[in-house]
Every structure is written in structure tokens, then in C-alpha cells.
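I opened this notebook to record what I looked up, entry by entry, while going through one chain with its sequence beside me. What can be read from the strands, the helices and the residues packed between them?

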Amino acid sequence: MQGTAIAQPNIALIKYWGKRDVARNLPAVGSISITLRELFTRMHVEFDHSLPADALQVNGAADDKMLPRIVDCLDRVVGADRPCARIASTCNFPIAAGLASSASAFAAVTVAAARAAGRVLDVDTLATLAGRASGSAARSLFGGFVELQNLEDDIRCRTIARADDWPLSVVVAITEKGPKAVGSTEAMEISRQTSPFYSSWVEQQAHDLETARTAIAARDFEQLAAIAEHNCLKMHSIMWAARPPMVYWNAATMRCLQTVRQLQGQGIGVFFTIDAGPQVKAVCLPEHVDDVEAALRATAGVTGIMTTGLGGGARLEDSS
Ligand code: DP6
């Protein structure tokens with residue numbers, strides 16, 4: 001009764017921000033993301049009747065903070081009358097610092113738990129279950145460019161272009177390693193309840209999705225760059241105008257944005273996006289990756305760089 005799965009994080013180009021149903025964790029808007037290749041979470045789930053309680057280890061250390069969300073996820077996948085589980089997670093990038101660690105973690109644990117329980121579920125069901133745990137996790141079941149569609153009563157994810165259809169690169173500039181002060185789940189609710197910009201965000205999302213979809217279909221980098229940066233800055237503006245205000249950026253985040261603007265001025269194909277954390281993700285054409293890496297590495301306050309291509313969806317490990 002065990003299973004191991006690997007999932008990669010994804011980065012939204014058109015963001016999910018806000019929920020229409022908190023209990024079912026249904027997003028208020030659709031979103032489009034790219035699944036990354038080199039960053040990963042590996043989850044091992046083992047059900048054991050002799051265990052007195054569920055136990056979670058993250059990178060070798062017990063993690064009781066994350067445990068309740070993992071327990072809920074296992075209950076949804078397997079049923080609450082299941083045996084207790086030993087869950088072990090390893091992750092090769094900083095957790096909870098705006099690098100979508102929850103997306104890869106919940107995608108991987110959903111796939112691993114289904115295998116451990118002997119349940120054969122199709123990818124749409126796995127994505128729906130992962131999305132109940134964390135909205136962005138649904139997208140990590142799929143590879144390449146992924147659209148999460150907001151259906152009337154649920155969600156549906158689809159790959160709209162494969163990783164090798166348009167092999168973009170992503171350079172992540174790390175500006176701070178610690179966990180964020182306000183988690184995205186809470187920040188979304190504060191945004192919805194208090195930000196004067198929230199309703200126009202929801203209204204405009206269909207237009208942003210359509211623009212990005214068209215740009216991806218045409219491999220139009222400039223159009224994708226313009227709409228992704230616009231969508232990202234709108235998401236952060238909602239938070240800045242919320243009460244209390246929430247600012248995930250630090251001084252180095254802003255300097256990275258200036259670096260990206262300078263590169264664009266030199267004709268380099270690159271654009272930025274930023275999630276609920278201070279790291280900057282620079283999406284670029286593969287032929288420009290060395291220039292982008294060098295410029296971000298030289299930006300004051302950047303403590304590390306991670307470069308990755310686009311990858312595939314969550315999967316069982318071969319031995320699983
Ligand atoms: C800024 O998926 O972490 O990364 O559903 O509450 O777990 P929950 O939120 P989560 O939020 C991701 C927000 C984002 C944008 C995105 O990935 O689309």
C-alpha cells in the first residue's frame with residue numbers, strides 16, 4: 001500500500017487570484033501556467049494499519065504545519081476511513097517562498113496517494129482532487145502550457161501547447177529564502193473582501209486569458225510578454241490596495257524588474273512574473289538564457305539563480 005510520485009511546480013502567466021467557493025476551493029478566475037522541468041517535489045505515501053497517526057516528513061524533518069492540508073487531501077483521494085499514512089516529501093527548491101511549492105506538493109501527493117490506495121483515477125479526476133487542496137496544484141498534473149478553465153460547477157485543465165512546441169526557459173532570481181508572511185490562501189480572501197480592484201480583476205480575466213491563448217498559439221513572444229506582465233502587476237495591485245495592504249516584494253524584487261526592462265531595451269526576449277513571494281521569474285527565449293542569467297545574477301540582492309526549461313505533468317515514479 002504505497003506509491004511515489006513526482007510533480008513539478010508551475011508558474012502562472014495569467015494568474016489565479018481569488019476564490020468563488022472557499023469550501024470547495026474553486027477559483028474565481030481561470031488561469032494559464034507553464035510547468036517547469038528541473039524543479040520537483042517527490043512524494044512517497046505509505047498506508048499502514050499499525051500507525052497510530054498520520055505523519056509527514058519534508059526533506060527529512062517532521063512538518064506538522066503542512067500536515068492538516070495533506071491529511072485532508074488524502075481523505076479526499078482515499079476516503080476518511082483509510083489507514084494512517086506515512087508521507088515523505090523531498091523538494092529541490094525553497095518551500096513556501098513564492099515558488100509554487102504547494103502546487104508540486106499537492107499534485108504529487110494526490111497521484112502517490114491514489115496509487116498507494118490502489119485507486120486508478122484519470123488525470124482529470126486527479127487534477128480536480130489536487131485543485132481542492134491547492135488551486136494551482138491542478139495545473140501541475142499537466143505539462144507545458146496549461147490552461148485551467150473555470151467551468152460552471154468545477155474546473156478543468158488542459159495542455160494548450162506542449163513543452164517542446166515552444167521550449168521557453170525560466171530563470172528564477174531568488175531574493176529571499178524564508179517563508180512568506182501571509183500565505184496565498186489568506187491573502188486571496190483579504191483581497192476579495194477588501195480590495196477595490198478585485199471585481200475589475202475578475203471581470204478582465206477572460207480578456208487576458210484570450211490574449212495569452214492567442215499569443216501562445218501564434219508563438220508570439222512579445223504579445224505573451226505584454227499580457228503576462230500586465231496580469232502579474234494587476235494581481236499585485238489588488239494586494240497593495242487591500243486592507244491590510246500586502247506587499248510581497250522587497251528592494252531586490254524591484255531591481256530585478258529594472259534588470260528585465262534593461263534587457264528588453266537591448267532586444268532580449270524576456271519578461272517577468274512574480275507570485276505571492278519576493279522571487280522574480282524571468283521567462284525568456286532559450287537563445288537569451290545566458291544573458292538573462294548573467295544580468296539577474298549581477299543584480300544587487302539576488303542571492304541565487306535557478307534556470308529551468310518547461311516540463312511534463314505529475315507522474316508515478318517508475319518503481320512505484
Ligand atoms: C500567486 O494555489 O497556492 O501563485 O488554492 O489557496 O492553495 P490555494 O492557492 P495557491 O495560489 C497560487 C497563487 C499564485 C498564482 C497562480 O499560481 O496562479
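Predicted model: local features only at pLDDT ≥ 70, side-chain atom pairs only at ≥ 80, totals over all residues.

**Entry 1**

**Entry 1: the six-stranded sheet**

I began with an open sheet of six strands, which stand in the order β8-β7-β9-β6-β1-β16 with mixed pairing. At its edges I found β8 (61-62) and β16 (315-316), each of which pairs on one side only.

I then followed β7 to its neighbours. Strand β7 (residues 55-58) pairs with β8 in the antiparallel sense over two bridges, whereas β7 and β9 pair in the parallel sense over four bridges. Which residues are the bridge partners of Gln57? In β8 the partner of Gln57 is Ala62, and in β9 the partner of Gln57 is Ala88. I also wrote down that Val58 has Ala61 as its bridge partner in β8.

Helix α1 (residues 67-78) lies across β6 (41-47), β7 and β9 (85-91), and runs at about 65° to β6. Helix α2 (residues 101-116) also packs on the sheet, where it touches β1 (2-7), β6, β9 and β16, and its direction makes about 35° with that of β6.

**Entry 2: a closer look at α1**

I checked the length of α1, which has twelve residues and reaches 16 Å from its first C-alpha to its last, close to the 16 Å expected at 1.5 Å a residue. Which residues of α1 are buried? They are Leu67, Ile70, Val71, Cys73, Leu74 and Val77. Seen down the axis of α1, these buried residues fall within an arc of 160°, so they line one face of the helix. What covers them includes β6, β7, β9, α2 and α3 (123-133). After α1 comes Gly79, whose phi is positive, near 105°.

**Entry 3: the nonpolar cores**

The largest nonpolar core holds 41 residues, of which Met43, Val45, Ile70, Leu74, Ile87, Val109 and Leu141 touch the most other members. Helix α2 gives the most to this core, with ten residues.

I picked Val109 to see its surroundings, and, leaving aside neighbours within four places in sequence, I found Val109 in contact with Met43, Val45, Ile70, Cys73, Leu74 and Ile87. Apart from this core lies another of 36 residues, among them Met235, Ile238, Val260 and Val289.

**Entry 4: the four-stranded sheet**

I then turned to an open sheet of four strands in the order β13-β14-β12-β15, where the pairing is antiparallel. Its edge strands are β13 (270-273) and β15 (304-308), each pairing on one side only. Neighbouring strands of this sheet are turned by 20° against each other on average, direction ignored.

Four bridges join β13 to the antiparallel strand β14 (residues 280-284), and the partner of Phe271 in β14 is Val283.

Helix α7 (residues 251-265) lies across β12 (169-174), β13 and β14, and runs at about 160° to β13. Helix α8 (residues 289-297) lies across β12, β13, β14 and β15, running at about 5° to β12.

**Entry 5: two single residues**

Not counting residues up to four places away in sequence, Thr211 touches Gln223 and Ile227.

Lys234 has its place in helix α6 (residues 221-240). The relative accessible area of Lys234 is 16%, so by the cut-off of 20% this lysine is buried too. Leaving aside its neighbours within four places in sequence, Lys234 is in contact with Trp201, Gln204 and Asp208. I also noted that Lys234 and Tyr198 are 36 residues apart in sequence and 9.4 Å apart in space, C-alpha to C-alpha.

Notes: Residues numbered from 1 in each chain as written. Heavy atoms only, no water. Pairing = 2+ DSSP bridges. Axes fitted to C-alpha atoms, helices over the stretch in contact; angles between N-to-C directions. Contact = heavy atoms within 4.5 Å. Core = buried A, V, L, I, M, F, W, Y, C linked by side-chain atoms within 4.5 Å. Buried < 20%, exposed > 50% of the residue type's maximum accessible area, 1.4 Å probe, protein only. Expected span 1.5 Å × (residues − 1). Arc of directions from axis to C-beta.
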